[in-house]
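Have the picture ready and follow along as each place is named.

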Amino acid sequence: MTDAKDGWSLPSFWLSEMAPLTRRPRLEKSGSVDVAIVGGGFSGLWTAFYLHELDPSLRIAVLEKQVAGYGASGRNGGWVCPFFPVGWGRVESIFGAETTRRFSEELVGTVDEVGSRVAELGIDCDYTKAGSISFMRNQAQVGQAEDDVKAIERRGLSGDWRLLGAREAEAMLRVSYADGATFTPECATVHPARLVRGLAKSVESRGVEIYEDSPVSEVEDGFVRVGSVRLSASKIVVATEGYTAGFERWRRQLLPLYSMMIVTEPLSDAQYEAIGSPNPGLCFADHRHLVIYGQITHDRRIAFGGRGAPYHLGSRVSRIHDTHGPSRDGLQRELLKLFPALRGIRIARHWGGPLGVSRDWFPRVAQEPATQLWRIGGYAGDGVATTNLVGRVTARRLLGLADDSASAAVFGRPPRDWEPEPFRWLGVNLGLNLTRVVDRLEDRGAPVSALDRLRRTLIGQA
Ligand SMILES: Cc1cc2nc3c(=O)[nH]c(=O)nc-3n(C[C@H](O)[C@H](O)[C@H](O)COP(=O)(O)OP(=O)(O)OC[C@H]3O[C@@H](n4cnc5c(N)ncnc54)[C@H](O)[C@@H]3O)c2cc1C
């Protein structure tokens with residue numbers, strides 16, 4: 001499918017809805033800027049936005065290999081949620097109770113920060129705070145969900161997290177079977193491509209230079225190179241998330257793990273009623289381990305995704321992996337298991353993209369020792385809101401401003417490498433398959449604690 005003006009294809013339903021897109025001009029001339037940002041996704045663009053806000057005199061350039069939003073930012077499920085890829089118990093054991101509590105507050109506040117910036121910048125991206133419901137579909141999920149909510153209360157973490165009975169849950173969204181659900185109103189949804197493209201336009205209108213079609217081939221302290229063109233910069237931020245392994249010096253920092261999605265045709269009135277006439281913008285999931293996520297869009301489609309696609313040897317990322325037949329079929333099956341009333345619905349598009357996962361699942365704002373070279377990212381699947389928070393922390397750190405936020409502490413944790421290949425490939429794929437097995441065993445009511453520990457260790461979540 002070609003849907004860009006210069007004849008190339010856009011990698012998600014969301015981006016295709018914005019077709020035809022014209023790529024901004026590439027970086028053609030050598031020169032110098034104060035800050036060069038590599039990667040035109042949410043991370044790079046929010047960083048540019050807050051840098052400019054703090055110091056409008058800065059000359060900032062964003063270099064993007066394809067088009068702004070080409071990566072995960074233009075492909076995701078559109079959940080703007082205060083979720084964090086690392087369990088709260090683990091965050092607390094590393095940073096202590098007070099920092100953990102403050103950090104949860106900063107994450108919850110970020111959902112509103114995104115909403116108020118979207119309004120201020122006039123970005124039309126369907127930002128809607130309709131909350132997130134996560135169903136409990138077996139006894140293990142009930143236990144896990146209850147423990148999670150109790151632990152949040154015990155720690156005094158920010159936000160409103162509720163347990164719903166089966167009836168209350170069904171009143172929000174009707175799935176085939178649920179013992180109840182957890183619900184938080186602290187989540188919003190967006191049309192992700194409209195948000196990221198709108199953000200690019202806004203920062204550009206403020207004077208940030210954006211170069212598309214500009215793959216950075218070399219990053220050193222003081223300059224980046226696009227082909228033979230050299231751009232000098234006092235500070236450099238690399239915000240390439242799932243593509244970071246393409247740079248030799250960071251090839252073991254962020255593991256590209258694919259998340260895949262499908263989107264249905266708009267539901268008919270009868271289909272919409274059959275699933276309980278949910279509020280547009282509602283996020284939904286369940287408490288299984290191999291994450292699934294859905295969004296009810298404003299034009300009454302279901303955008304539905306999940307993890308579990310294989311990890312590719314050597315952290316390979318390629319357009320070929322953006323689609324994966326077994327994942328598409330698996331997602332369609334899971335969607336129909338949740339909503340049998342949708343049998344026969346047409347899937348309008350299937351796509352996917354790489355998440356960036358660090359060895360301990362913590363996102364980072366990391367400075368290379370004794371340089372002005374920064375690397376940000378590692379959100380796993382929770383980056384639509386967190387990129388905004390990371391953008392604010394990065395901007396303050398680059399400008400040398402004091403920052404006593406809990407986020408600065410959490411994102412400042414020293415990075416750790418993934419194992420060399422082929423151990424990385426073996427461990428991660430075995431971990432992914434075991435996660436699927438654990439979910440199936442839990443569906444049957446079988447005990448899984450030893451297997452669960454093993455799979456967490458393999459994928460780095462122990
Ligand atoms: C299918 C899917 C569903 C998801 N769903 C959700 C969700 O619902 N909620 C949520 O919170 N998170 C979700 N995520 C994760 C979220 O989308 C990401 O965490 C977030 O978008 C990361 O933004 P980023 O700017 O760091 O990375 P990206 O958006 O990936 O941007 C990196 C950019 O760098 C560019 N680039 C790479 N190499 C180079 C180079 N050498 N030179 C120049 N440019 C380069 C890429 O083209 C890309 O545009 C999902 C991700 C995927 C893939």
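Below we visit the ligand, then a pocket, a cavity and some details of the backbone.

This is a predicted model, in which local features need pLDDT of at least 70 and side-chain atom pairs count only at pLDDT 80 or more, while totals for chains, interfaces and linings use all residues. Residues are numbered from 1 along each chain as its sequence is written, and side-chain values use heavy atoms, with hydrogens and water left out.

**Around the ligand**

| Residue | Part of the residue | Ligand atom | Distance |
|---|---|---|---|
| Glu64 | side chain, N or O atom | oxygen | 2.6 Å |
| Asn76 | side chain, N or O atom | oxygen | 3.2 Å |
| Gly77 | backbone, polar atom | nitrogen | 2.9 Å |

How much of the ligand does the protein bury? Taken alone, the ligand exposes 1,000 Å², and the protein buries 97% of that. Such areas come from the Shrake-Rupley method with a 1.4 Å probe.

Helices (H or I, at least four residues) and strands (E, at least two) are DSSP runs, numbered from the N terminus.

**A pocket and a cavity**

Rolling a probe the size of a water molecule over the atoms shows where empty space is left. On a 1 Å grid over the protein atoms alone, a cavity is a set of points where a 1.4 Å probe fits but cannot get out, and a pocket is an open set with protein on both sides within 12 Å along at least five of seven lines; lining residues have an atom within 4 Å of a point. Grid points are joined across faces, edges and corners, and a volume is the space filled by probe spheres set on the points.

The second largest pocket holds about 700 Å³ of space. Of its 27 lining residues, Arg288, Leu290, Gly330, Glu334 and Arg436 are the closest to its centre. Helix 9 (325-338) is one of the elements that give two or more residues to this lining, and with 8 residues helix 9 gives the most. The lining divides into 9 nonpolar, 7 polar and 11 charged residues. Why does this pocket lie between domain 2 and domain 3 (423-459)? Both domains give residues to its lining, so the pocket lies between them.

There is 1 cavity of 30 Å³ or more. The largest cavity has a volume of about 40 Å³, and among the residues lining it are Trp361, Trp418 and Ile459. Its lining has 8 nonpolar residues, no polar and no charged.

**Backbone details**

A cis peptide bond joins Ala19 and Pro20, with omega about 0°. Another cis peptide bond joins Glu421 and Pro422, with omega about 5°. Asp213, in the loop between strand 8 (209-211) and strand 9 (218-220), has a positive phi near 55°.

Technical notes
Polar contact = N/O pair within 3.5 Å; in protein donor to acceptor, adjacent residues only side chain to side chain. Nonpolar A, V, L, I, M, F, W, Y, C, P; charged D, E, K, R; others polar. Domains from an automatic or database assignment.
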